[in-house]
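Here is a short note to read beside the model.

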Amino acid sequence: MLGLVDCNNFYASCERSFDPSLIGKAVVVLSNNDGCVVARSNEAKALSIKMGVPLFQLEELRKAHEVKVFSSNYTLYGDMSSRIMSILGRYVEDVEVYSIDEAFMNLTGYESVYPDLAQFAQDVRHRALAWTRIPVSIGLAPTKTLCKVANWYAKREAEHNGALVLDTPAKIEQALYGFDVAELWGVGWRYAGLLKRNGIRTAAHLRDMADDWLAANMTVNGLRLAHELRGLKCNLIETVAPAKKAICTAPSFGQVIPDLDLIRQALTTHVGRVAEKLRKQDSAASAITVFLHTNRFRRTPGNGLAAKQYYGSRTIELPHPTASTAELASYAQAALTAIYRFGYHYQKVGVMLTGLVPADFRQANLFNDGPDDRQVRLARVVDKLNYRYGRDKIRLAAAGYDPIWHHKQQWMSRRYTTRWKDILKVK
DNA sequence: TCTGGGGTCCTAGGACCC
DNA sequence: TCTGGGGTCCTAGGACCC
């Protein structure tokens, strides 16, 4: 048996964890740049606030119902997430952290330790709630896909009390019989349309389709999905996160920017960010891509017509893999110079590192001397200082002093668990 | 005025090798 | 000019996840 633990309304629950005055109120958390709603408390869902709606469309509801709005506070959510994950680690050896608010647990071999799975699930829920104030839902089943199904019911149907165990063919059959295929893990809006057109409406129906049909219409992914619904494990628990194959950052500016110098500063800052992530996983990058684009929603002030749009991107193959911020920044600047066009209002500049190889990887190259190791050692020292004294305390001068391009975060809560001056005071 | 960010995997087709 | 069988690597595009 496997288990899936999923935090309910995670970001909203984190905010609530440290501010009890939010209990019982509609809480929403926004995406970066205070753009769209990405998390909602149950009260906010009850007001029909949809996932992904832009904040400015919420004005009336906000006034009428006193909706509490928060900018996303990833420092807080990340720390709360690791607290939850460490709680799960007290129960079983193998925990796969699947996302910031979800984890799979491997219960294989724990049959005698936890003979009553329903009781086990309630224990986990109670401990998570007691130690973090985060409510979680739990689904237990023989495969990951079935765990997702079990979790779906556990979260939505009150009679399960937050946890559902699918451990017999009869229970699984009943769960799949009424389950909308569009809700399945691995079925997005395109496959949902395809399945609907073919008259396949429930998970049970998809499970019973012929393998040939599944492979032909949904590739091997569809085949695996159906096999998992039949109880055959295709996705195993991965307890060690594999190294990333690409690292990207592309946050929007807080306002549109036409000016190349400011875009350069933002780009240099973003390179600092991706290079830090690169060194953290002990990799080096073989190629760097820079892209620059305008805001597709923008109307020209004055005449209200759709603003003219531009999208530019450039990839540079590096002479040798490197993890040096300074070296990556200079190639990034060259790419930006090549794609920048005067006369547009830009919304974001992004950078992506690809062709990631282990940092100690050395490929003989006849035509140059290879990377300068001192640069990378220097960057690692900078990483340590910034970890200790705060992000961007030490950075390239080209990143500028006054990041006016920085994204908006007007309603940010405190970093309750990671900053001494933000810690709660008990009076 | 205001509309997120960061990833993975699979397939087909082209180019190439012996 | 046409002929067989067995491969690899790369890229673009499409699908999905949170």
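1. Val 27 stands opposite Lys 68 in E4, and strand E2 (residues 27–30) pairs with E4 in the parallel sense over 3 bridges. Two strands count as paired if DSSP finds at least two bridges between them; strands (E, at least two residues) and helices (H or I, at least four) are DSSP runs numbered from the N terminus.

2. This is a predicted model, in which local features need pLDDT of at least 70 and side-chain atom pairs count only at pLDDT 80 or more, while totals for chains, interfaces and linings use all residues. Residues are numbered from 1 along each chain as its sequence is written, chains are lettered from A and ligands numbered from 1 in the order in which they are written, and side-chain values use heavy atoms, with hydrogens and water left out.

3. The open sheet is formed by 3 strands in the order E3-E2-E4, with mixed pairing, and its edge strands, E3 (37–40) and E4 (68–70), each pair on one side only.

4. DNA strand C is surrounded by 13 residues, where near means a heavy atom within 4 Å; the closest are Lys 148, Gly 186, Gly 188, Arg 190 and Tyr 191. Sugar and phosphate account for 100% of the atoms of DNA strand C that come within 4 Å of the protein.
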